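Here's a quick tour of one predicted model, built around its charged pairs and one of its helices. Have the sequence and structure open as you read.

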Amino acid sequence: MWQQRSGLGNSPRTVLDELARIQSHDVILPTATHGEIRLRCIAQPDAAQAALLDRLGIVLPKRMRLAEHELAALAPVA
């Protein structure tokens, strides 16, 4: 229904294939005092992806939070 309301037809495979190409990356920066700074960033979508996201009304975040289980795995063991 979301896709049809946006005027994109009714073939979710095409939309999912296009959105699947959007990537996120972990940026790890070493520091002199605290070990590492970790950021999860989302790559900028290309023009076709940006148009699709706009039609669907989806706004991608610039950065994402790391999941709780990822943070626990990164915590130093005492």
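At the start of α3, a side-chain oxygen of Asp46 comes to within 3.2 Å of the backbone nitrogen of Ala48. Helices (H or I, at least four residues) and strands (E, at least two) are DSSP runs, numbered from the N terminus. This is a predicted model, where local features need pLDDT of at least 70 and side-chain atom pairs pLDDT 80 or more, while totals for chains, interfaces and linings use all residues. Residues are numbered from 1 along each chain as its sequence is written, and side-chain values use heavy atoms, leaving out hydrogens and water.

Asp46 also has a charged partner. Its side chain meets that of Arg21 in a salt bridge (a side-chain nitrogen of Lys or Arg within 4 Å of a carboxyl oxygen of Asp or Glu). Arg21 sits in the loop between α2 and β1 and Asp46 in the loop between β2 and α3, so the pair ties together parts that are 25 residues apart in sequence. Glu18 joins Arg21 and Asp46 in a network of salt bridges. The structure holds four salt bridges, including these:

| Pair | N to O distance |
|---|---|
| Glu18 and Arg21 | 2.5 Å |
| Arg21 and Asp46 | 2.9 Å |
| Arg40 and Asp26 | 2.6 Å |

Back on α3 (residues 47-56), Gln49, Leu52, Leu53 and Leu56 are buried, meaning under 20% relative accessible area, with exposed over 50% and partly exposed in between (1.4 Å probe, protein chains only). On the other side of α3, Ala47 and Asp54 are exposed. After α3 comes Gly57, with a positive phi near 75°.

Notes: Polar contact = N/O pair within 3.5 Å; in protein donor to acceptor, adjacent residues only side chain to side chain.
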